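Q: Please take a close look at one part of this model and then connect it to other parts of the chain.

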Amino acid sequence: MNNGIIIVATNFVKYYNSACYLAETIKDYAPNFSITLYTEKEFLNSKSKIFDNVVTDIPAHVNPTVNIRTKMWCMSNSPYDTTLYLDADMEVVNSEFTTVFDQIKDNDMLWTRITKDREYAFKGVDFGEVTFAVHGGLCLYKSSAKKFMMDWYELWVKQSNHEWWPGTENQYPKTLQGFDQFALWWLLNKESDKYKYLKYDFFEDDTRWNAVHTFRKDLGHGNNPIICHHTIHN
């Protein structure tokens with residue numbers, strides 16, 4: 001099976017530099033893993049030699065908010081049969097990373113969680129009817145999920161351009177309009193019948209696979225991490 005990793009580094013050169021560092025840490029533990037970088041041509045320098053493939057033909061929109069989340073388009077266009085998407089601001093720190101593709105099993109998508117007991121680490125979990133449960137910073141998925149990724153991207157484009165917002169007036173907080181997380185929540189919770197062919201689950205010990213820097217280890221979150229998530233902000 002054709003397995004590989006994709007990293008997306010657009011809009012700001014700091015993401016490109018972070019992506020190069022992430023690739024170095026991946027190759028430290030898994031030198032044979034293929035990595036594809038999606039980035040902007042003007043960012044490229046000698047560091048890009050670490051990637052197996054580099055793609056710069058990425059859609060651009062007038063609305064800069066749309067461009068911040070081109071990752072979903074890239075996820076849909078992955079060259080791999082089984083893909084690990086990683087946010088650029090991550091770092092592999094544990095040899096257990098080499099088992100990552102074994103984790104997918106019979107699932108089409110594997111995520112890490114946002115949970116109530118970890119709410120302190122995130123911008124929010126509960127927003128009325130909306131409860132975020134899936135973290136979009138890391139996803140292991142098969143080709144069967146690529147259409148879902150494109151649907152997520154296309155819904156995000158409409159959401160960002162104020163061409164789509166569901167429900168009655170004020171049913172969903174307008175503060176969520178800038179969250180790609182909302183479009184993901186909508187597809188998984190409100191259009192789930194459309195994706196019945198997809199099976200998704202969460203990584204076992206998922207805080208180790210996506211150990212965000214705000215996790216409190218005294219609560220058992222992110223101990224002995226496999227992937228650290230440093231969460232660079234714009």
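Where is the place of Lys105?

A: This is a predicted model. Lys105 sits in the loop between strand S5 and strand S6, the latter being residues 109–113. The phi of Lys105 is near 50 degrees, which is a positive value in a residue other than glycine. As background, most residues other than glycine have a negative phi. Lys105 has a relative accessible area of 60%, and because that is over 50%, the residue counts as exposed.

Asn224 is found in the loop between strand S11 (211–212) and strand S12 (227–229).

Begin with S5. Strand S5 (90–92) is one of the elements that cover the buried residues of helix H1, and the others include strand S1 (3–9), strand S2 (35–39) and strand S4 (82–86). The buried residues in H1 are Tyr15, Tyr16, Ser18, Ala19, Cys20, Leu22, Ala23, Thr25, Ile26 and Lys27. H1 covers residues 13–29, and at 1.5 Å a residue its 17 residues should span 24 Å; the C-alpha atoms at its ends are 25 Å apart, which agrees.

Now take S6. Strand S6 is among the elements against which the buried residues of helix H5 pack, together with helix H3 (71–76), strand S8 (130–131), strand S9 (134–142), helix H4 and strand S10 (200–202). H5 is mostly covered, with 9 of its 10 residues buried. Those buried residues are Asp180, Gln181, Phe182, Ala183, Leu184, Trp185, Trp186, Leu187 and Leu188.

The contact between H4 and H5 can be followed residue by residue. From H4, Phe148, Asp151, Trp152, Leu155, Trp156 and Gln159 take part; from H5, they meet Asp180, Phe182, Ala183, Leu184, Trp186, Leu187 and Leu188. Sorted by class, this contact has 10 nonpolar, 1 polar and 2 charged residues.

The geometry of the pair comes last. The axes of H4 (residues 146–160) and H5 (residues 180–189) come within 9 Å and cross at roughly 125 degrees. H4 and H5 are therefore oblique to each other. Their crossing is right-handed.

Key. Residues are numbered from 1 along each chain as its sequence is written. This is a predicted model: local features need pLDDT of at least 70, side-chain atom pairs count only at pLDDT 80 or more; totals for chains, interfaces and linings use all residues. Side-chain values use heavy atoms; hydrogens and water are left out. Axes are lines fitted to C-alpha atoms, for helices over the stretch in contact, and angles run from 0 to 180 degrees between N-to-C directions. Helices (H or I, at least four residues) and strands (E, at least two) are DSSP runs, numbered from the N terminus. Angles under 35 degrees count as roughly parallel, over 145 as roughly antiparallel, 65 to 115 as roughly perpendicular and the rest as oblique. A crossing is left-handed if the near helix is turned anticlockwise from the far one by less than a right angle, and right-handed if clockwise. Contact means heavy atoms within 4.5 Å. Ala, Val, Leu, Ile, Met, Phe, Trp, Tyr, Cys and Pro count as nonpolar, Asp, Glu, Lys and Arg as charged, and the others, Gly among them, as polar. The expected span of a helix is 1.5 Å times one less than its number of residues. Buried means under 20% relative accessible area, exposed over 50%, partly exposed in between (1.4 Å probe, protein chains only).
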